[in-house]
Amino acid sequence: MVKRKRQQPVVFIDLEHPITGHSNSVELEEPENVKNLQPVSPSISGMGPVRRRRQLTKKVGRNGAIPVRKRKLDSRAFEYCFQNLWRSSPEEKKIQFTYLDCLWFNLYLKASHRRKVLKWIKDKEIFSKKYVFVPIVCWSHWSLLIFCHFDASPESKRRKPCMLLLDSLQEANPRRLEPEIRKFVFDIFKEDGKCKNLNVICKIPLMVPKVPQQKNGDECGKFVLYFIHLFMEAAPANFRIKDYPYFMKENWFTEEGVCQFYKTFGHSDEDACL
């Protein structure tokens, strides 16, 4: 008798939309290290959850054509696209940057996973980099958090740490995440032991620039990837708050630029990523 392979358990993340209030649970495969709370081999983001990418199939219509089904990027598709982007970026640029796995922030919000997420982040040594990308997916929406100059002391006057939250859907009120972000950052500093005066951490500025906005409900993941790409290209050597928002303005880029970018770095399976 042939034993059937046990299917990987799944996690359903409740993504209630902040505007409509409708619940839209997203099915995600549960990473082995989340299930067992044990570290596993590095994923593309260095340490942490490794999600098994499922075989994606296309349904063929009567005329033989493959229908294109647009939907938001899921975590697997996002990581695939991000990996393409990261590999193609110049080494002299990447040396200033690092990034966190796109599910770590969401997992941190779950008390049962919080300690392990903080351990994974500590292993990433983010305080050795000028900029840290933190993709966030909550309430069925992607946004991008960027830590600037966390390699400097929070009490520094010359290179003052700050945070940027880039959101292509301003009407969803990006600052709704601020309490969770501040607790997240506080716990990261506390876990690392980098700052003795933790009261200073609560005062790190969180800025939300008015960046280009998506035209429909399916583009937020692509915008986050494009934010990362363009920020890596133009980020200053020393981010100064007085020069904010720099290049991050409402006319930062065009819709055509996003489309062309995604054609270059997007998923090979259009059914999964468009």
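Strand E6, helix H6 (residues 178-192) and strand E7 make a right-handed β-α-β unit; a crossover is right-handed if, with the strands pointing away from the viewer, the path from the first strand over the helix to the second runs clockwise. Helices (H or I, at least four residues) and strands (E, at least two) are DSSP runs, numbered from the N terminus. The model is predicted, with local features requiring pLDDT of at least 70 and side-chain atom pairs counted only at pLDDT 80 or more, while totals for chains, interfaces and linings use all residues. Residues are numbered from 1 along each chain as its sequence is written, and side-chain values use heavy atoms, with hydrogens and water left out.

The protein has nine helices and seven strands. Of its 274 residues, 49% count as buried, where buried means under 20% relative accessible area, exposed over 50% and partly exposed in between (1.4 Å probe, protein chains only). Among the contacts in the protein with a separation of 6 or more, 65% are made by residues 24 or more positions apart; contact means heavy atoms within 4.5 Å.

Five strands form an open sheet of mixed pairing, in the order E3-E4-E5-E6-E7. Strand E3 (97-99) and E7 are the edge strands, each pairing on one side only. Two strands are taken to pair if DSSP finds at least two bridges between them. Strand E4 (residues 131-138) and E5 run antiparallel and are joined by eight bridges, with Pro-135 having Leu-144 in E5 as its bridge partner. Strand E5 (residues 141-148) in turn pairs with E6 in the antiparallel sense over five bridges, and Cys-148 has Cys-162 in E6 as its bridge partner. E6 and strand E7 (residues 206-207) run parallel and are joined by two bridges; here Met-163 stands opposite Leu-206 in E7.

Five of the five residues of strand E6 (residues 162-166) are buried, so the strand is largely enclosed by the rest of the structure. Both of its faces are covered, with Cys-162, Leu-164 and Leu-166 buried on one side and Met-163 and Leu-165 on the other.

Pro-161 is found in the loop between E5 and E6. This residue has 2% relative accessibility and therefore counts as buried. Pro-161 and His-149 are 12 residues apart in sequence, and their C-alpha atoms are 4.7 Å apart in space. Leaving aside neighbours within four places in sequence, the contacts of Pro-161 include Cys-148, Phe-150, Ile-204 and Pro-205.

Helix H7 lies across E3, E4, E5 and E6, running at about 20° to E5. The axes of helix H7 (residues 220-234) and H8 come within 10 Å and cross at roughly 90°, which means that H7 is roughly perpendicular to H8. Axes are lines fitted to C-alpha atoms, for helices over the stretch in contact, and angles run from 0 to 180 degrees between N-to-C directions; angles of 65 to 115 degrees count as roughly perpendicular. Lys-222, Phe-223, Leu-225, Tyr-226 and His-229 in H7 meet Gly-257, Val-258, Phe-261 and Tyr-262 in H8.

In helix H8 (residues 255-265), the buried residues are Gly-257, Val-258, Phe-261, Tyr-262 and Phe-265. Seen down the axis of H8, these residues fall within an arc of 130°, so they line one face of the helix; the arc is that of the directions from the helix axis to the C-beta atoms. The face of H8 turned away from the buried side carries the exposed residues Glu-256 and Lys-263.

Note on methods:
Parallel < 35°, antiparallel > 145°, perpendicular 65-115°, else oblique.
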